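I opened a new model today and kept notes as I went. The entries follow in the order I looked things up.

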Amino acid sequence: MATYEDLSPCTYWKDANQPAPHNGVRMLNFGWLGRGREFETGRCAPAVLAILNRLASTPQDVMRGLHYCEFCEEESPIRIPVPGSRSGHAWLGTGEIYVAAKDGVVYSAPTLIVHYIDKHSYLPPAEFIEAVLRLP
């Protein structure tokens with residue numbers, strides 16, 4: 001999977017021969033982790049994980065194939081329960097989660113961010129957590 005520093009500009013689509021799916025909106029990366037790259041760790045509020053689980057059940061920009069967790073041997077695609085969702089679960093590693101902040105910035109994270117938080121104690125930056133907690 002592609003790796004990007006947290007808070008770096010989202011440039012994933014700039015190399016493709018298709019228009020950016022975010023139509024010029026300023027997007028920043030979060031949670032694009034990979035082996036050999038350090039990341040912040042700590043406890044994330046259960047409410048954040050619950051909201052991200054729900055968002056992962058309806059991923060954006062779904063791609064063919066899937067990405068595996070580079071930090072463990074959990075079988076992919078990783079499936080997580082999402083009570084109240086249409087299917088009752090989400091498959092991680094095929095799409096993205098978009099979260100809009102109050103300042104108009106949109107945060108882009110892989111659906112695997114849910115697994116990284118839950119199993120590897122990844123702690124996203126405060127501004128991402130704040131934006132997630134503002135979602136209904």
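**Entry 1: one bridge.** I am working from a predicted model. I started with Asn-29 and looked up its bridge partner in S5, which is Ser-108. I then checked the strands behind that bridge. Strand S1 (residues 27-29) and S5 run parallel, joined by 3 bridges.

**Entry 2: the other neighbour of S5.** I looked for pairing with strand S4 (residues 96-100) as well. S4 and S5 run antiparallel, and 5 bridges join them. Here I noted Ala-100, whose bridge partner in S5 is Val-106. The hairpin of S4 and S5 has 5 residues between the strands.

**Entry 3: cover on S5.** Are the residues of strand S5 (residues 106-110) mostly covered or mostly open? I counted 5 of 5 buried. I then sorted them by direction. Val-106, Ser-108 and Pro-110 point one way, while Tyr-107 and Ala-109 point the other way. Both sets are buried.

**Entry 4: helix H2.** I moved on to H2, which spans residues 113-120. How many of its 8 residues are buried? I get 6, so the helix is largely enclosed by the rest of the structure. My list of buried positions reads Ile-113, Val-114, His-115, Tyr-116, Ile-117 and His-120. I also asked what covers them. The cover includes helix H1 (46-56), strand S2 (78-81), strand S3 (89-92), S4, S5 and helix H3 (126-133). Past the helix I noted Ser-121, which follows H2 and has a positive phi near 60 degrees.

**Entry 5: His-120.** Why does His-120 count as buried? Its relative accessibility is 18%, and the cut-off for buried is under 20%. I listed its contacts, leaving out residues up to four places away in sequence. His-120 touches Phe-39, Thr-41, Cys-69, Phe-71, Cys-72 and His-115.

**Entry 6: whole chain.** I finished with the totals. The protein chain has 3 helices and 5 strands. From the N terminus on, I read the order as β-α-β-β-β-β-α-α. Buried residues make up 42% of the 136 residues. I took the contacts with a separation of 6 or more and found that residues 24 or more positions apart account for 67% of them. The chain exposes about 7,900 Å², and carbon and sulfur atoms supply 51% of that area.

Terms used. Residues numbered from 1 in each chain as written. Predicted model: local features only at pLDDT ≥ 70, side-chain atom pairs only at ≥ 80, totals over all residues. Heavy atoms only, no water. Helix = DSSP H or I, 4+ residues; strand = E, 2+ residues; numbered from the N terminus. Buried < 20%, exposed > 50% of the residue type's maximum accessible area, 1.4 Å probe, protein only. Contact = heavy atoms within 4.5 Å. Pairing = 2+ DSSP bridges. Areas by Shrake-Rupley, 256 points an atom, 1.4 Å probe, with all protein chains shown as cover.
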